[in-house]
Amino acid sequence: MIESEQLHGLKAKFTELLSAEGYRPKPTECGDITFKSEGTMLYLEFDADDPSYVRFLVPNWWSIESPKELRCAYTAASQVCHSCKGVKVSVHHDEKSVWVS
């Protein structure tokens, strides 16, 4: 897929900003950007259908180690998503980790 000039410019700007702050951004196979901060891999996701859309993603933010913790993770994710418009918390589909975006 050919990305729009606007989307290409947005990715270039984020790459430039991250590099200026000392990060080492790298493109992913699907055209997003990944970088490491304090030992954690972080992602910037883009949408070719909406060139102004950028999602900051922290995968595996919390590991789920028990059924009780899984229930708590679903409850906490629901509360955060309900009360905060700019932050989304979700339990990964494998039910082994919590992701934040």
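**Labels and their cut-offs**

Reply: Ser 37 lies in strand E2, where strands (E, at least two residues) and helices (H or I, at least four) are DSSP runs numbered from the N terminus. The model is predicted, so local features need pLDDT of at least 70 and side-chain atom pairs count only at pLDDT 80 or more, while totals for chains, interfaces and linings use all residues. Residues are numbered from 1 along each chain as its sequence is written, and side-chain values use heavy atoms, with hydrogens and water left out.

Me: Why is Ser 37 called buried?

Reply: Its relative accessibility is 18%. Buried means under 20% relative accessible area, exposed over 50%, and partly exposed in between (1.4 Å probe, protein chains only). Ser 37 therefore counts as buried.

Me: What is Ser 37 in contact with, leaving aside its neighbours within four places in sequence?

Reply: Tyr 23 and Leu 42, where contact means heavy atoms within 4.5 Å.

Me: How many aromatic pairs are there?

Reply: The count comes to two. Rings of Phe, Tyr and Trp (its six-membered ring) pair if their centres lie within 6.5 Å; planes under 30 degrees apart count as stacked, over 60 as edge-to-face and the rest as tilted.

Me: What makes Phe 14 and Phe 46 a pair, and of which kind?

Reply: The ring centres are 6.1 Å apart and the planes are at 65°, so the pair is edge-to-face. It links distant parts of the chain, with Phe 14 in helix H1 (residues 5-20) and Phe 46 in strand E3 (residues 40-47), 32 residues apart. Phe 14, at 25% relative accessibility, is partly exposed, whereas Phe 46, at 12%, is buried.

Me: Which kind of pair do Tyr 23 and Phe 35 form?

Reply: This pair is edge-to-face, with 5.4 Å centre to centre and 65° between the planes. Tyr 23 lies in the loop between H1 and strand E1 (26-27) and Phe 35 in strand E2 (residues 33-37), so the pair ties together parts that are twelve residues apart in sequence. Tyr 23 is partly exposed at 31% relative accessibility; Phe 35 is buried at 5%.

Me: Which residues have the most contacts inside the largest nonpolar core?

Reply: Leu 44 and Ile 64, in a core of 16 residues. A nonpolar core is a set of buried Ala, Val, Leu, Ile, Met, Phe, Trp, Tyr and Cys residues joined through side-chain atoms within 4.5 Å. Not counting residues up to four places away in sequence, Leu 44 touches several residues, including Phe 14, Phe 35 and Val 54.

Me: How do you know that the buried residues Leu 70, Ala 73 and Ala 77 are on the same side of H2?

Reply: These three residues of H2 are buried. They cover an arc of only 55° around the axis, which puts them on the same side of H2; the arc is that of the directions from the helix axis to the C-beta atoms. On the other side, Lys 68, Arg 71, Gln 79, His 82 and Ser 83 are exposed. What covers the buried residues includes E5 and E6.

Me: Why is Cys 72 said to be in no disulfide?

Reply: A disulfide is a pair of cysteine sulfur atoms within 2.5 Å. The nearest cysteine sulfur to that of Cys 72 belongs to Cys 81 and is 16 Å away. A search of the whole structure finds zero disulfides.
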